[in-house]
Every structure is written in C-alpha cells, then in structure tokens.
Amino acid sequence: MKVHDFPSPLADVWHAADSAEIPADLERRSLHFSSTGVAWHDAPGVEGLSTPFLLDLYRDMALTRATDLETVKFIRKGLAFGKHLMCTGNEATAVGAASAVRASDWLTLAIRDLGAWVARGVSLDKLLAQPCGRVGGLTRGWDGSLHMGSRLARTIGLISHLGTLVPVAAGCAFAARYRGTDDVALAFSGDGATSTGDFHEGLNIASVLNLPLVIVIENNQWAFGTPNRLQYAVPTLALRALAYGRSVEGHVIDGTNVVTVYDTVRRAVERARAGHGISIIEAVSMRLDGHSIADPFESYVPAEQLAQGRERDPIATFRARLLAAGVVTEAELTATDARVTETVTEAALAAEASPAATDDNIEARVFLPSTMPYAPQIEPPAEGVRVSYHQAIQDALREEMDRDPNLFIIGEDVGVSNGAFKVTEGFSKRYDKLDWGASWNASEPIRQRRVVDAPIGEAGFCGLALGAVTNGLRAIVEFQYADFASDAFKMIVNYAATQAARGMGPLPLVFRMPCGWAPNTSIYHSVNPESWFASTPGLKIVAPATAYDARGLLKAAIHDENPVLFLEYKRLYRLRPETIPDALNVAMPEDDYVVPIGKGRVVQSGRDLSVITYGSQLWRALEAVQQVEREDGVSIELVDLRSVVPLDVDLMAHSVEKTNRALVTCEAPWTGCFGQTIVGEIVRTSFDDLDAPIRLVAGADTPVPFAPALEAAHLPTVEKLVNAIREILGH
Ligand SMILES: Cc1ncc(C[n+]2csc(CCOP(=O)(O)OP(=O)(O)O)c2C)c(N)n1
C-alpha cells in the first residue's frame, strides 16, 4: 500500500512507515513514532553490553532452540503429545524482551515465547515435562505446552484465545500502580492477535488509565496460514500507537537482533516505570517453521521469503555479530553450545523421570478452598433489620470496601455517575475523594483508584480486573446489564474459569450481573445468563432473591478465592420492605454473616409437592404456591436454591423424599435452561421417590418481548405455575 498523498498532518509519519524497506532498513536502524513525529534511530551495537551478559543472551536463545527441538524429539518418541508450536525465528524477540524487565515485573506471553520462560530462569525440567503431561510440568498435566503460567515467576501463560492477555497485562500494571510500586507489565502479542477486539480494548483502557505497560508485537509475517497483507491494512502495526493517545509511542525494530530488542524494550520499560506512557514495539522477524509441527508451511510460504528469513536466523546472526565485534571468542561460544546441550539433556532426563499426572479426584482442581471471615448463616433470624434488595447489595459492598483496602470496583459509569442502577452511590467520593462537580474542567489528571469508570468494552475492563486480581488485588466487576457479559465471554469462561486448573492460584473476583426480566426490558436487557456459564466448570454462580441472601451471598462471593457470578435481579432492587410478602421480607442479623455458596433454603415447608426454584422466579413461585394452598387446601414445600453452582442437591433430594412430587421453575427460556439441569439432578437422586412426573415451568423459547401481552405469553407466570401445580397434584 502506498499512501504518500495522505491528506493530514500525519502524512510524514505514514510516508515514513509506508516507504520503509522493512525488514532491510531495520538491520541498521529502527523506526520510531510519537506524537511529535517520526524518527529513525540507529540500531545499537554490542559494545554497550558486558561480555557475560551477551553470552547469557546467546545461551538463552540457544537453550530455547534446543528445548524446542527436544520437545519435537519427545513427540516423535511418543513421550509428549498434543501439537507443538515451535518458536524458531522468534528467539531474539522473546529472550531480548524478557531480559529487559526485572523479576518483579509481569509478563503475559504469546505463542512463540519459550524464550521468555528461559530468560526468566524457569527450570527446563518443567518446560519439558509440560508437553508430556507430567506432574513436573507447570500445569501438572492439566494443559499442554503453551497454556502454562507461573504466579511465582510473575508470568501469565497464553490462554488459547488470542488478544485476551493484553487487558490482563493492563490489569497487572494497574495492580502494581494501585499498590504504589513501580513494577510494569510487558505483554507479548502475535501480529495476528493484534486484529482482535481485546487487543484494542486493552490498549485503550491502559492508555486512559495511563498504566505502565509495554507491548511487544512479534511480527513474524504469518498468522497461522494468513500473511500480513490479509491481516491488516496499515504499513506497520506500531503506527497504531498514535491512535491510543499522546503518550503512546511506537517502534518498529529488527526482531531478529537480540541486542536491538533488549535495548528498545529496556528503554520502553524505563519509560513506563517512570509513568511516561505506553510503548508498542513491533519486532519484525520471520516464522521459520510451520504454525505447528503438523503444518506443511513450505507449501504456502513463498520459498524466497523463507530463504530471506533463514538468512536472518537470530542465533546464527548473533553468533556472527559477536565474533565480528571481537567481544567473544569461537572457543567461548563453542563451550556455551556444549553447556546448552548438556543442560537440555539433563532436563530431558528429569522430565522423563517425572511421574505421569493422575488424580483420584480431578474435581478438586476446579475450585480452591476459601475461608470466610464471618459465621455462615443458612436461615435468616426472626428479628433484625429489613432493607431493600438494592440497599442490601450496596451495604455489603460498602462494608467490604471499608474493610479491605485492596478491594476495588470497576465497570461502566460506576464512579462519576454512581452506576446505572446507583448501586455504587457515593462510592467515588468516599473511596477516591473524587468530586466531579468541582473538578470536571480542572487540568490535573482524574484520579480514580478504587472505583473505576471503565471505557465501554467489557472484555477490556474484565481483563483488567483479572490481571489485577492475579497480581494480588480483589475485584468487583459491575456489568451494566448481564446481557453485556457476552462481550466478555472469553474473559469469564476461558480465563477466569480456568485459573485454578491452570495452577495460577486464587482469583477472588465477583462479576455482578444485573439480570432477569423487569417490565419492558425486552430482548437486550433481560437475560437470565446462568446457563451461558453453568456448563463451564470453574465458575460459582449465585442467584439471591431476597435482601438477606443478597447481602450474605455477596459477602461470601467477595471472600471466595474463586470467580463468582453474582446474579442480581433488577426488578427486585427498589421494592420497599413493607410491600414485600412476609415469606420473602426476611430480617438481617446485626452482625456480619455469610450465606454459604451452594446452600439453599426451605422458604416454607409442606407435604404434598416440592416447588424448587432460584432467583426472582421465587417470587412468582411463592404467589402460585400460596394461591393453590389457599384455594385447594394442600400443603406445598417451596425450596429456594439460592446458588446455581454449586447446586444444593441434598436439599432437593430431602424435600422430594418427603413430598414425592416436584415442580421445577426458572425464568429463562425452556431449551437448555438451568431448570433442565435441576430436573436431571432430581431424576438422578430421587427417581424412586417420585409418585408423579416432574414438571418444569420455564420461559417460552422466544426472545423476551416488549409489549405487555407478549411478555405475559413469554414468561413463566403465576397462572402457568398454578396450572402446572394442579396438574401434578392431580396426577
Ligand atoms: C481468538 C482466536 N481465534 C483463533 C485462534 C486460532 N489460532 C491459533 S494461533 C493462530 C494464529 C496466530 O497468529 P499470530 O497472533 O500472528 O501469532 P504467531 O503464531 O504468528 O506467533 C490462530 C488463528 C485463536 N487461538 N484465538
């Protein structure tokens, strides 16, 4: 693409980027973009670095290559399995960049970053045991070669979903700054991964919050089988830095020269550490092997391009450069090569000796144990305060924010305007001393720390929260409506839910999701999202229907070491206690308490039928139960499960054992709703106790409509429940 006549003040920048002979120019000089314009900088020589350090860089690249090759040998011998993605060609970028940060900085990795592990000093035994599914691997057999991380080494391994880790890296940087340290986060990304929305959302939020972040784009010309020219339409990816803000800078550098990478990243890291802004470094190289070892890449990569890439092999060229500069001898390099071979051979033996991963109880890996600071309380007290559902959530949040200075809230509009439903009313003033009315036109930067207004982009702010929590904070993410959680789906199901299985330790994060039907909310603001998430192990899901449960479950969720989805029902928010039916207008104890996650409650006991539900459907169920009891003189037990995952299977079984009849109801549409899972559990545990078929009353299989008559046709109304209850009782 040629854009010489680009009609804007940025024309010179575009011109420089567009006409640069990449990669040829980059051997000699690097291209730099900033808000002040474009500049070329000479590539650094080896002279400024000590010989031992240069030899370390050489050794780490050689160790990376040798470990990669050993893994392929393992696969051929049948010791390792899964597909291996080689890093050949990328050693200089991974090793150079990872050597430019300190141990307390965070790294998030992309596909070809074995070299970063090596530079971080993580044992090769672990790196080789990983693809063999051995106990000695970083995930102890729970994933293969790439998807491994180490909290200890402050390194977050790739999850499969590309782009996801840029917001997560922003979160690591957020937590560093939150605690007042000067640590930074460095995120690696492939060139292809830059096309994802997450990459953009992460950069945007990091730039708005001025976080200490460095991005290294490993531009190896190909994303699997797609060449760059079909991936993006800018002359270089680093040019995009200018779109993210005045203090964001871009560099295009030779990614095959370890010294250039090291030097550029080191400067960018210092800049980030000093609070001067984000840098996007595009390190240009060539993928010298297939996407994976199963990929016949020579059938689609032009032979000439591959030959050019092989001439620029990062290890061979560095060797030649060191010798040409006269800083090391051939003998020193040969001795280093011999040590590399020896180290990898020893590591391979150790990996082979590591036992294969087996486990008697694989489910124990899904959730980490949690300790609650307050007494668990299953039943509400007879006497105590009665507040609205909204007030109960707000009180729980405020009390926990008061207690734990490491707890923060992030979401759209939660600060300046107190949140879409005003749940965080006054929080911004209380915790961040932000008085927007007085400071809206002041020139100083806006200070938000504990109550953070996020730019619109659920993946961006959820990812930020995930990174911050991985780096030691606790977080509450507020979604404006649960419906928008679909924009953050991979953050929740692919990152948060897998944290424990990936061996990355606790993830104390609550996703607050205002959900469910309320009058006229229709298609996009009414979802009951539990079945989107319940089939993903690793997420706890709670669904309180009373103020008492909301307060107790929110506190339990905040203190849980695992991600919890807190479903809050917006149609219940503002109901005043005096208007609430007695059975649901439950009192709260004076003292702090938690409602244990996974424990339901019998709202009223009965003999003839068990009505089992959760969430706001409890309200319709109660009305229906009371009507049938009144009109037909029967006795019905009403069970509120309160939690969806884990599910209180015992409570349901005990109830059905007593009544011998069951009706399950939930508000979500019929097909695939969580009510179906509940029915399945009752069949599994209580089939022999049943004297009548189980009935399920759920929403109709339509989107939620808008007009009142259509709403009534869609919803599992009191009338539909009454009819179903009578049918079962008449069986
Ligand atoms: C969001 C997402 N879509 C698709 C894939 C499948 N996939 C795995 S690797 C890859 C190409 C990655 O290219 P790039 O980001 O340039 O990294 P490289 O492999 O070149 O280092 C694709 C499409 C994925 N992992 N994530």
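Predicted model: local features only at pLDDT ≥ 70, side-chain atom pairs only at ≥ 80, totals over all residues.
Trainee: Is H15 largely enclosed by the rest of the structure or largely exposed, and how many of its residues are buried?

Mentor: A residue counts as buried if 20 or more other C-beta atoms lie within 10 Å of its own. H15 is largely enclosed by the rest of the structure, because the number of its 13 residues that are buried is 13.

Trainee: Which residue just after H15 takes a positive phi?

Mentor: The place to look is just after H15, where a phi of about 100° is found. The residue with that positive phi is Gly472.

Trainee: Which helix gives the most to the side of domain 1 that touches domain 2?

Mentor: The C-alpha centres of domain 1 and domain 2 lie 34 Å apart, and their contact takes 30 residues from domain 1 and 27 residues from domain 2. On the domain 1 side, H6 (165–178) and H7 (197–208) each supply at least two residues. The helix that gives the most, with ten residues, is H6.

Trainee: Which residues come nearest to the ligand?

Mentor: The shell around the ligand divides into six nonpolar, seven polar and four charged residues. Of the 17 residues there, those that come nearest are Leu162, Gly190, Gly192, Ala193 and Ala223.

Methods
Residues numbered from 1 in each chain as written. Domains from an automatic or database assignment. Contact = placed C-beta atoms within 7 Å. Helix = DSSP H or I, 4+ residues; strand = E, 2+ residues; numbered from the N terminus. Buried ≥ 20, exposed ≤ 12 C-beta atoms within 10 Å, placed from the backbone. Near = placed C-beta within 6 Å. Nonpolar A, V, L, I, M, F, W, Y, C, P; charged D, E, K, R; others polar.
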